[in-house]
Amino acid sequence: MRLLYSICIFIFCLLSPLFVSAQLQVSLTQGVDAPWPIVVQPFSEKDPVSVGNTTVSKIITNDLRNSGQFSLIKPDVKVAGSAAEWKRRGANSVLLGEISQISRNKYQVSIKLLDLYHKSLNSESGSNIILQQRYTVSKSDLRHLSHIISDEVYEKLTGVPGAFATKLAYVLVNRTANGSSRYQLMVADSDGFNPQVLLTSAMPIMSPTWSDSKNLVYVSFEGHRSTIYWQNIATGKRKIISGAPGVNGAPAISPDGKKLALVLTKTGNPKIYVLDLANRNLRRITGGSSIDTEPSWSPDGKSLLFTSNRGGSPQIYSYTFKDEKIKRLTFDGNYNARASYLPHSNSIVMMHRDGKLFGIAKQNLLSGKVNILTRSGSDESPSVSPNGSMIVYAKQNGQSGILSMVSADGRVKLSLPAQAGSVQEPAWSPTLR
Amino acid sequence: MFISGEYKKAFYLAVLLHILLIALLILPSLQASKGGQPVAHISPKAIKIVKTKTVSSKDVLAEVKAIKDRDLAIKVAKERAIALANKKRAEAKAKAIALKKAAIKSERLKELAKQLKDIQLKQQQDRKKQQELLAKKLQKQKQEQVELQERQEQNIQQKAQNQLVVDQYKSKIAGTIGQYWLVSRDMDPSLQCKFVIRLAPGGVVLDVTLQQGSGNDAFDRSAKTAVYKASPLPVPQDSALFDQFREFSLIVSPKNVVLRSAAI
């Protein structure tokens, strides 16, 4: 009996350390979706280098703020700043930079991104450089470099590549003195600066889209019939890639750049076709008597989204190349159009009308859940940034349209600087690098 | 009668022994009653009647004869009486012997029975004693078990109490860090990283060491920053319980990101 008792005690003693010595585990699953506090210190105090009417650090500040992912804490202009002071202001990270002129037109820009919480709060030397770069650029490239720095900071702190050093293509429409319209194909920086005219026409220009980061594809009605053009941005050189009788519309280049999805009216009604750009083979994708338009490629190039009224109202459908199956995707709202895939997520972004107001909506393809991002009543032509974080669209403001943006989570909305004329059909470029 | 299995064998052995003993005691007396009993023998010669012959001298002879006859008769009667008495005596003696023997036998039997009874009683007593002892032992054992159980239960209760407190602080810590943890709702929910966090008494974060990265540096950094910003973390006052929080691991995964203002 004593033995049994002793054995029990022994086993108990043997097991008891297990409860004590196993390391405690705390599980953190709940966080806050709020902007990351950052300080962008002015890059150069003594010799501020102006870029237009702004500075490199201001461009970066603007980029980061517009992304919605950062809250910009006012920099400490008096002193160079210390980790303790930045922390006191609530910052998690600090961007420091220096610009120096190394020759007549050459500037050297160096940056340092500090992580203020590398070590304990009490430690003065707690900050750590998590990004350090040096660039040499000409003065005209300082603006572009600013966007590149924004991209680097963005990627370092969010884990997602930035899309600041990208471009926007759009159509600008102006009324002329004699009452007719002037159409211009424009390309600008992602923040709306540096607008450049690629083409001016008295006839409508429509559906600009990026073939790659250096070339555009669009529809022009010059010559009174719709033709799909391909044009190099740098040289301005262009060529016709589809001039079939009837409508040539809604071009979309496949992700591998080898195929063009477009709308033709060979059978009467607008239908989706795919043109092999190398061998000019044309294949009809959709049939029937409905209007099918606005094809858009999936990131893997294996399927297309398109708009069709085959169900009565315009709705989004998908076409899969492998099994040639067409599937209706949208059921919410009485008008869904201009769909495109949102990269890195199982979602599509589209124009959406629920009731009478047009807005931009995001639909999760797995759950079918529709998330309305904007609903001003006349938001049109959404185009997604290459990193999937922002959506640019044309917001009709009375008679004129302006470039507007909304973050993919719907949290941040902003309008880009207005310009003379009405902006239509913006298209976000792929990553430039 | 209920006999427990353990003692069944002993009991049957005892019964067998008793039967054997009784048999041993009874068998000799049975044999004695069959052939061994002594019987009084009376010689037939003793009862011989003497016959007299008549002689010529009539009277004398007759007288003599009469006397002789009488004498003889007396003698015979005497002899007969003696014989009878002898016989009676022998019979009585035999009877007495028999009686005595019977008495002795019965006494012996009685004694044996008594002995048997004694043995049985003793055995019974022994058995009882054994049972009592066993019961006592069992009871003691039971009590010890109960005591052990109580002690274990107490231990478990204390442990459960401690665990409750520890769990409370675990969720308090997660909640505090979570207020400072800035993470996008679009973050891949399958991401996971693990830190080892060392605390000073009072909950001040001494250091946060990444033990297993998620593969997304920005994600890992967001969690690490949150831990440092949340310092000091809520920890138990009790130093024994705090010891568990002196160094603990933090598993981070963006499963439940909410949209609200952060503590910053």
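## An enclosed helix

Helix H4(A) is largely enclosed by the rest of the structure, because 14 of its 17 residues are buried. Buried here means that 20 or more other C-beta atoms lie within 10 Å of a residue's own. The model is a predicted one.

H4 of chain A covers residues 142–158. From first C-alpha to last, this helix reaches 24 Å, close to the 24 Å expected at 1.5 Å a residue. Just after H4(A) comes A:Gly159, with a positive phi of about 85°.

## A four-stranded sheet in chain A

Chain A holds an open sheet of four strands. Their order is E20-E21-E22-E23, and the pairing is antiparallel. Strand E20 (292–297) and strand E23 (325–328) of chain A are the edges, each pairing on one side only. From one strand to the next, the twist averages 25°.

What joins strand E22 to E23(A)? Four bridges do, and the two strands run antiparallel. E22 of chain A spans residues 315–320. One pairing can be named: A:Ser318 has A:Lys327 of E23(A) as its bridge partner.

## Chain B

Chain B has 264 residues, of which 17% count as buried. It contains four helices and three strands. Read from the N terminus, the elements run α-α-β-β-α-α-β.

How far apart in sequence are the residues that touch within chain B? Take contacts between residues at least 6 apart: 70% of these join residues at least 24 apart.

## Where the chains meet

The contact between the chains involves 33 residues of chain A and 50 residues of chain B. On the chain A side, four elements each supply at least two residues: helix H1 (2–21), strand E1 (25–32), strand E2 (36–40) and H4. By class, the side of chain A that touches chain B has 16 nonpolar, 12 polar and five charged residues.

Which strand of chain B pairs with E1(A)? The partner is strand E3 of chain B, residues 247–258. The two strands pair in the parallel sense, over seven bridges. Within this pairing, A:Ser27 stands opposite B:Ile251 in E3(B).

Technical notes
Residues numbered from 1 in each chain as written. Chains lettered and ligands numbered in written order. Predicted model: local features only at pLDDT ≥ 70, side-chain atom pairs only at ≥ 80, totals over all residues. Expected span 1.5 Å × (residues − 1). Buried ≥ 20, exposed ≤ 12 C-beta atoms within 10 Å, placed from the backbone. Contact = placed C-beta atoms within 7 Å. Pairing = 2+ DSSP bridges. Axes fitted to C-alpha atoms, helices over the stretch in contact; angles between N-to-C directions. Nonpolar A, V, L, I, M, F, W, Y, C, P; charged D, E, K, R; others polar.
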